[in-house]
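Reader: Could you walk me through this structure side chain by side chain, and tell me what you mean by each term as you go?

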Amino acid sequence: MRLVDDGRSDGSVHRVLTTERLLGTARRWRRFGAPTPAGESLNADGTPDYGIFGPGSEVWEVLLHPATIVFHNSIQGFMQTIYKPIEAGIRDCDPISRKGRDGTLTFFDSFERLQRNAGMHAPMWLGDTATAEKMVKHLHTIHRRVAGDIIDVGEPELGGYAATDTREVMWAALTEMHPMLRVYEAFAFRDGKLPHRLPAAARDRFIGESARYVRLHGVPEGEIPTTMAQLALLYEKYDDLFRHSPTMKLIPETGEDFEEVMGKAMIKNFHITQVRAIIPLMIQAIIFNLPIAGVLSGKARRAMGLSPTKARLAILSKMAVLPIVWLMQQPPIERRFMRLMWGPDGVVLIESARLLHRQARAAQSG
């Protein structure tokens with residue numbers, strides 16, 4: 001964040017946020033130069049390298065829909081923080097949490113952290129194999145520093161966490177993929193119909209294809225689910241890491257609620273220009289919280305700590321916002337979200353993949 005001296009006599013500074021800074025350039029998301037879109041490089045046998053999913057796949061059908069593009073960050077943010085070791089890693093090690101504790105966090109910092117999420121995953125989902133592998137390696141290098149002895153101070157029996165352990169890697173990948181299916185089924189207007197659930201075979205194909213992404217992260221074959229039934233059993237097996245806990249957000253060293261700490265820092269560092277970040281941050285992480293909770297399963301809502309009454313309201317609100325959700329999927333609004341939340345490279349990858357996918361689906365149906 002750029003600090004601008006406004007000339008005040010007390011020597012203080014304002015944290016000014018420009019529109020250009022809000023949008024960012026490709027460098028905000030890019031780690032290895034421009035990613036190579038799926039299909040624009042060749043395998044050893046001379047065939048196009050379509051990456052880990054490719055055109056015609058069920059994952060691309062779900063991922064490339066405007067509803068998923070717009071709401072991906074919202075739904076993934078919910079699902080990943082329900083899994084306790086991921087939330088513990090954010091609480092203890094994430095840069096925004098550290099900035100909150102040292103009092104320097106701004107609304108833009110929180111927005112930028114959310115903003116980079118989808119755009120840094122797009123190369124793995126929509127790039128060629130080499131692009132996906134390089135990004136996975138980079139993320140694993142970063143995550144080696146994310147570890148702690150305590151997941152939840154209120155449940156010491158859960159032990160610690162390490163982001164590069166097989167368990168955490170597996171659930172990080174699954175809680176990226178599965179929520180996309182949930183939001184697609186709940187919010188995607190398609191085939192001239194209201195949003196609706198996919199057939200069982202298509203849902204199983206989505207999970208089976210998602211297994212390729214889980215394998216890419218080095219997870220052993222034994223636990224990787226390839227059907228919805230297997231995924232449900234996996235959730236049951238790790239139920240203790242998804243249950244609601246009122247002490248989950250407490251910083252082990254201080255006992256403070258880390259979200260409250262971050263909130264105080266952002267308010268302290270507020271400047272009027274940061275409204276530019278607050279508005280999209282609210283859309284992605286606050287305004288649609290209740291409808292997004294309605295998109296998730298009943299078990300996930302319980303893990304969030306929703307009362308039965310609030311859970312019913314969440315389901316009703318999911319239906320009530322459908323007119324707004326439809327509007328947000330229209331091309332001008334979707335393009336705005338795509339550029340803001342997926343970045344310039346993400347836009348290129350999405351547009352390239354959509355063309356390939358349309359061609360593949362047309363060939364399949366023909």
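Author: What follows takes up a few residues and elements in turn. This is a predicted model, in which local features need pLDDT of at least 70 and side-chain atom pairs count only at pLDDT 80 or more, while totals for chains, interfaces and linings use all residues. Residues are numbered from 1 along each chain as its sequence is written, and side-chain values use heavy atoms, with hydrogens and water left out.

Reader: Fine, let's start with Asp152. Where does Asp152 lie?

Author: Asp152 lies in the loop that runs between strand 3 (147–148) and strand 4 (161–162). Helices (H or I, at least four residues) and strands (E, at least two) are DSSP runs, numbered from the N terminus.

Reader: And is Asp152 buried or exposed?

Author: Asp152 is buried, and yet has no salt bridge. Buried means under 20% relative accessible area, exposed means over 50%, and partly exposed is in between, with a 1.4 Å probe and protein chains only. A salt bridge needs a side-chain nitrogen of Lys or Arg within 4 Å of a carboxyl oxygen of Asp or Glu.

Reader: Which side chain of opposite charge is nearest to Asp152?

Author: That is Lys84, which is 4.0 Å away. For charges, Lys and Arg count as positive and Asp and Glu as negative, whereas His and the chain ends are not counted.

Reader: What else does Asp152 touch?

Author: Leaving out residues up to four places away in sequence, Asp152 touches Lys84, Arg91, Leu158, Ser245, Thr247 and Met248, where contact means heavy atoms within 4.5 Å. The side chains of Asp152 and Thr247 are also joined by a polar contact of 2.6 Å. A polar contact is a pair of N or O atoms within 3.5 Å; within protein, one must be able to donate a hydrogen and the other to accept it, and residues adjacent in sequence count only if both atoms are side-chain atoms.

Reader: Lys84 makes me curious about helix 4. Why is helix 4 described as largely enclosed?

Author: Helix 4 covers residues 84–93, and nine of its ten residues are buried, so the helix is largely enclosed by the rest of the structure. Among the buried ones are Lys84, Glu87, Arg91 and Asp92.

Reader: What do the buried residues of helix 4 pack against?

Author: They pack against helix 3 (66–82), helix 5 (95–102), strand 3, strand 4, helix 8 (166–187) and helix 11 (258–268).

Reader: Switching to charges, how many salt bridges are there?

Author: By the rule given above, the count comes to 19 salt bridges. One of them joins Arg361 and Glu58, with the closest N and O atoms 3.8 Å apart. Arg361 lies in helix 17 (residues 331–365) and Glu58 in helix 2 (residues 58–63), so the pair ties together parts that are 303 residues apart in sequence.

Reader: How do Arg361 and Glu58 count, as buried or partly exposed?

Author: Arg361 counts as partly exposed at 24% relative accessibility, whereas Glu58 counts as buried at 6%. Both belong to a network of salt bridges that links Glu58, Glu61, Arg205 and Arg361.

Reader: Now the backbone. Which residue has a positive phi although it is not a glycine?

Author: Asp191 does, with a phi of about 60°. Most residues other than glycine have a negative phi, and most peptide bonds are trans. Asp191 sits in the loop between helix 8 and helix 9 (200–216), and is exposed, with a relative accessible area of 63%.

Reader: Last one, His65. Where is His65 found, and what lies 3.0 Å from a polar atom of its side chain?

Author: His65 is found in the loop between helix 2 and helix 3, and it is the backbone oxygen of Phe189 that lies 3.0 Å from a polar atom of the His65 side chain. His65 is buried, with a relative accessible area of 13%. Leaving aside neighbours within four places in sequence, its contacts include Tyr184, Gln329 and Arg354.
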